[in-house]
Amino acid sequence: MKSINKILSLFLFAIMSSQVLFANYAFYRKVTSTCKSYRVEVTTDDMDLDLENNDFSINLESRRNNFEMVMLIGFASAGQAIIHQKHLQQTINNYEAIVPEKVNVVVTVPMGRDKTIFSAEANSAMVQELAEGTVGTVDFMREIKDSIQTL
């Protein structure tokens, strides 16, 4: 009887953890595909989805001095992934959507011999509005300007 309970609990744990892994994979996949559509290279090693702190961070590298565009693409891709997660939750039974509260984008700018690093943070509602197009890029950048830091 004890071995059946152990097997059953192990099977239940495997099913629950596979959903989390699928959700992470779906989130990363959507971010990657959105970035690639704007010709911004990103890999899963450049992303971190922290479920304990409920935030998502992505590291990108800009081409020349266009860090604002790359930063916007990072936020928009995270917004697209959040929208996709909510869609999956509506279409798949018992699916737990991953919706981080905060999104942090770090952009490395190759300038001369040294590299300049810019970081910004936004909440998930603003990021989703950017991805949906309900808020413009200028208004979005105005909203997050206080969070932009040079590292």
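Me: What pattern does the protein chain follow along the sequence?
Reply: The order is α-β-β-α-β-β-α-α-β, with four helices and five strands. Helices (H or I, at least four residues) and strands (E, at least two) are DSSP runs, numbered from the N terminus. This is a predicted model: local features need pLDDT of at least 70, side-chain atom pairs pLDDT 80 or more, while totals for chains, interfaces and linings use all residues. Residues are numbered from 1 along each chain as its sequence is written, and side-chain values use heavy atoms, leaving out hydrogens and water.

Me: How many aromatic pairs does the structure hold?
Reply: Three. In one of them, Phe-27 and Phe-56 have ring centres 5.0 Å apart and planes at 65°, so the pair is edge-to-face. Phe-27 sits in helix α1 and Phe-56 in strand β2 (residues 55-61), 29 residues apart. Rings of Phe, Tyr and Trp (its six-membered ring) pair if their centres lie within 6.5 Å; planes under 30 degrees apart are stacked, over 60 edge-to-face, the rest tilted.

Me: Are Phe-27 and Phe-56 buried or exposed?
Reply: Both are buried. Buried is under 20% relative accessible area, exposed over 50%, partly exposed in between (1.4 Å probe, protein chains only).

Me: Which pair involves Phe-75?
Reply: Phe-75 pairs with Phe-140, also edge-to-face: 5.1 Å centre to centre, 65° between the planes. Phe-75 is in helix α2 (residues 67-91) and Phe-140 in helix α4 (residues 137-144), so the pair ties together parts 65 residues apart in sequence. Phe-75 and Phe-140 are buried.

Me: New topic. Where is Thr-34 found?
Reply: In helix α1 (residues 2-37). Thr-34 is buried, at 10% relative accessible area.
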